[in-house]
Structure formats: structure tokens, C-alpha cells
Amino acid sequence: VMKGSSEKDRPQMAYHPQYLESFLRTQHYILHMDGPLPFHYRHFIAIMAAARHQCHYLVSLHFSEFLRVGGDPAWLRGLDCAPQRLRDLDQINKVLAHRPWLIAREHIESQLKSVEQCWNMAELVQAVVLLAHCHALASFIFGMGVEQDPLAPGTPSLGSYCFCDTANGNLASNSENLRASRRRSLDTSCDSTCLRERMQRLQEEKERRGERRIASQSEHDEDLEVEPTRPSDLSCYMSDPEFGYQDVPRRDEDHSQVFRVQDYSWEVHGFSLVNRLYSDVGHLLDDRFRTVTSVQNGLLTKGQGSDFKRAIWNYIHYMFGIRYDDYDYSEVNRLLERNLKLYIKTVTCYPEKTKTQIFQRYWSQFNPAEKVYVNLLIMEAKMQAELLYALRAITQHMIS
């Protein structure tokens with residue numbers, strides 16, 4: 001049980017238990033339930049996605065899970081050691097993580113028509129969902145300060161519930177279950193200090209096991225396979241590590257190039273396509289999107305609360321080139337003050353650059369539950385934006 005737990009150390013997503021249940025249900029399904037991709041593929045794809053945003057926290061979790069489900073340790077040396085079709089997926093991972101508006105039908109076709117170890121459509125859809133899920137989750141992790149120094153002034157305190165513990169798959173259904181989960185083992189503790197201590201103990205245990213193996217087999221003249229160590233430089237899991245977010249080019253003069261939600265939306269197009277190719281995940285994702293926008297919480301429900309939520313959501317989509325014809329974008333500047341916009345853009349577009357100074361300017365205006373909620377909105381809006389571009393490209397391929 002985590003020592004020193006207090007009211008100020010409440011779990012992060014558990015401030016919003018209905019959303020937490022929806023999130024965990026989706027994550028458990030795409031990582032642990034039946035699906036077109038083998039389990040070790042899923043965790044390696046998660047490592048690839050998290051590495052694009054330099055999220056060591058997520059990489060460490062999926063590194064362990066990859067080995068636990070029987071993945072080949074040699075793959076963990078880097079992308080070059082993985083099968084060809086995972087290496088082929090790197091291009092979609094790169095573009096989807098940083099400039100999803102560049103995803104085109106040609107990216108999809110290159111995966112399906114690869115000469116060696118090509119993907120089928122169902123596998124590719126699950127891979128895209130995993131990539132978008134982990135890119136967005138990396139933003140949440142940086143946005144809540146999990147990758148920052150927990151002792152730095154202005155950095156938010158970390159919760160004792162491991163919202164992204166991929167091993168247990170717990171689905172807490174009410175607040176009592178959530179409180180009980182905080183009293184469980186270290187597997188449900190995820191502040192930075194606790195994680196470092198846990199990983200250190202795991203590493204020491206692995207070293208002891210390695211020593212015992214060597215001692216017991218020293219009389220045999222054979223090579224022993226040593227478990228890989230977690231790389232400090234995550235660029236080994238990607239190509240072109242310098243590729244990052246850039247502001248969407250202005251397309252005011254060419255309206256045909258604008259992604260208009262009226263022409264391709266999640267509700268009308270994306271949901272049905274995902275559900276058809278990857279059974280039930282469309283319902284789970286739709287529940288996440290609906291739940292996060294319906295959360296009732298303090299400041300965000302007073303007066304113009306719904307307008308405030310929509311301003312955040314539409315501002316994030318705007319940064320990815322997605323436009324709503326029925327929305328007055330002057331509302332964004334009216335409802336979101338400058339420091340909040342800076343925070344949202346940093347966490348959304350280049351979360352790895354989130355610094356303590358950004359927290360200090362941003363956190364003062366919200367209570368803890370509201371801080372978490374803003375980051376949940378960022379995560380879900382970002383994930384939906386990536387999915388919209390990828391699914392539109394898949395749709396274009398299917399009708400061509």
C-alpha cells in the first residue's frame with residue numbers, strides 16, 4: 001500500500017469514476033481481449049506509439065507486458081529488430097502522432113500491399129486504434145506531470161491509482177471499488193517515486209535470477225539469453241526522431257483541403273467503420289467520447305460550462321486542421337485565456353516539451369478534479385482527431 005497517501009493524493013482519473021470505468025474497459029479490450037493482432041504485437045505497437053512522444057513511463061509498462069506475454073526479447077533492441085510489417089507501420093505512427101492531416105490513402109495502401117508480411121484490414125484498424133490510444137494517453141501522462149519531477153514546485157501531485165496499469169484490467173464500477181483499489185498492491189500505485197522504486201526492485205530481481213541461471217548452468221558451454229534492459233534513448237523505436245508537430249498550413253483559399261466534420265464525422269462515418277472491421281471497439285470508443293463530454297464538474301458546469309468544454313475540444317481539433325462549420329471560433333479566444341491555450345497546445349501537440357513553468361501558470365485557476373478533467377478532454381479530443389484522419393484514409397481506400 002502506498003505510504004503517505006492523503007486526500008491531496010487522490011487518484012487522477014478516479015476523480016471522474018464513470019469516465020475511468022469507460023477508459024479501462026476500452027484499454028482492457030484493445031490490449032487483452034480477442035482481436036486480430038497477437039498480444040505481443042499490441043504491446044510492441046504501444047511501445048512504438050509512446051516512443052514518438054518520449055513517454056518513458058508508457059514504454060516501461062509495455063516493455064514489461066511485451067515480455068510477459070511471450071514477446072521475443074530481441075525485438076526490444078529497437079525497431080530494426082522487429083518484423084518487417086511492424087517496421088512498415090512506423091511511417092503511419094510517425095505521421096499520426098505529429099501531423100495526422102498528412103495521412104492519405106497511399107499510407108493505407110502501402111500497408112495492405114506490402115510485398116513482405118502485409119497487413120489485412122482488420123489488423124490495420126486495431127493497430128491504428130492502438131497508436132491513437134497511446135499517443136493520446138502519452139499526452140495525459142505528461143499533462144498530469146507523471147514524467148516530470150514530482151518534487152518540482154507547481155507540478156501536480158500524482159494519484160495512487162494506476163490508470164494505465166495494463167496488467168490487471170480492473171474495471172471499477174463504483175466509487176467504493178475505486179477506494180478499495182487504492183488499498184491494493186503496488187501494481188495499482190503509479191506516482192513517479194513509487195514507479196521508480198518498483199522498477200528498481202524488478203530490475204534487481206531480474207539480475208538475481210540471471211545470476212542464479214548463470215550459476216546453475218556454468219558447467220554447460222552454451223550461450224544464455226539475457227533479458228534486454230530498457231533503453232534510455234527511445235529513438236531506437238522510431239525512424240526520423242526529429243519529425244514533430246508543425247502548425248497546420250493555412251488553407252483558407254482552398255476550402256476543398258479543409259477537413260470538415262460535416263463531411264466526415266466520428267458519429268456518422270468513423271464509428272460504423274471501426275465497429276465493422278474491429279468488432280465492438282466502436283461502441284467502446286463512442287462511450288469514451290460521450291462520457292468525457294458529459295462529465296459534470298465544478299467550474300466547468302457553472303454558467304458557460306458546456307461552452308467551455310466545447311471551446312477546448314474544438315480548439316484541439318482546430319490545431320489538427322479539423323473544422324466545424326457551425327462553430328464561432330472567436331469563442332475560443334473569449335473562453336480560453338492565453339496561458340490555458342498554451343498549456344493545451346503543448347500537452348496536445350508536443351507533450352514531451354511540457355515544463356514545470358507551464359504547470360505553474362496553468363494550475364492556479366482549477367481545482368484538482370478540474371485539472372484532471374481538462375487533461376481528459378485533451379486526451380479524448382486528440383485521439384478522436386487522429387482516428388478521424390486515419391479512418392477517412394481507410395474509407396478512401398475502400399471506395400477507390
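Before the details, a word on the model: it is predicted, so local features need pLDDT of at least 70 and side-chain atom pairs count only at pLDDT 80 or more, while totals for chains, interfaces and linings use all residues. Residues are numbered from 1 along each chain as its sequence is written, and side-chain values use heavy atoms, with hydrogens and water left out.

Okay, the overall picture. We have 15 helices and two strands in the protein chain; those are DSSP runs, H or I of at least four residues for helices and E of at least two for strands, numbered from the N terminus. The chain has 400 residues, and 55% of them count as buried. Buried here is under 20% relative accessible area, exposed is over 50%, and partly exposed is in between, with a 1.4 Å probe and protein chains only. The accessible surface is about 17600 Å², and carbon and sulfur atoms hold 48% of that. If you look at contacts (heavy atoms within 4.5 Å) with a separation of 6 or more, 75% of them join residues 24 or more positions apart.

Now, helix pairs. Let's take H1, residues 17-32, and H6, residues 121-143: their axes come within 11 Å and cross at roughly 135°. The axes are lines fitted to C-alpha atoms over the stretch in contact, and angles run from 0 to 180 degrees between N-to-C directions. So H1 and H6 are oblique to each other. For the cut-offs, under 35 degrees is roughly parallel, over 145 roughly antiparallel, 65 to 115 roughly perpendicular, and the rest oblique. The crossing of H1 and H6 is left-handed, as in the near helix being turned anticlockwise from the far one by less than a right angle, with clockwise giving right-handed.

Who touches whom? On the H1 side it's Phe 23, Gln 27, Ile 30 and Leu 31, and they meet Gln 126, Val 129, Leu 130, His 133 and Leu 137 of H6. By class, that contact has six nonpolar, three polar and no charged residues. Nonpolar is Ala, Val, Leu, Ile, Met, Phe, Trp, Tyr, Cys and Pro, charged is Asp, Glu, Lys and Arg, and the others, Gly among them, are polar.

Next pair: H11 (residues 305-319) and H15 (residues 368-399), with axes that come within 9 Å and cross at roughly 40°. That makes this pair oblique, and H11 passes H15 in a right-handed crossing. From H11 we get Lys 309, Ile 312, Trp 313, Ile 316 and His 317, and their partners in H15 include Tyr 373, Leu 377, Glu 380, Lys 382 and Leu 388. This contact splits into 10 nonpolar, two polar and three charged residues.

On to single residues. Is Arg 85 buried or exposed? Buried, at a relative accessible area of 12%. Arg 85 sits in helix H4, residues 84-98. Beyond neighbours within four places in sequence, Arg 85 is in contact with Tyr 41, Gln 111, Gln 117, Cys 118, Trp 119 and Glu 123. Take Gln 111: 26 residues from Arg 85 in sequence, and 7.6 Å away, C-alpha to C-alpha.

Last stop, backbone angles. Gln 54 is not a glycine, yet phi is positive, near 55°. You'll find Gln 54 in the loop between H2 (39-52) and H3 (56-68), partly exposed at 29% relative accessible area. Asp 280 also has a positive phi, about 75°, and lies in the loop between H9 (266-277) and H10 (281-294). Asp 280 is partly exposed too, at 40%.

Definitions and conventions: Accessible areas come from the Shrake-Rupley method with a 1.4 Å probe; for residues, only the protein chains shown count as cover.
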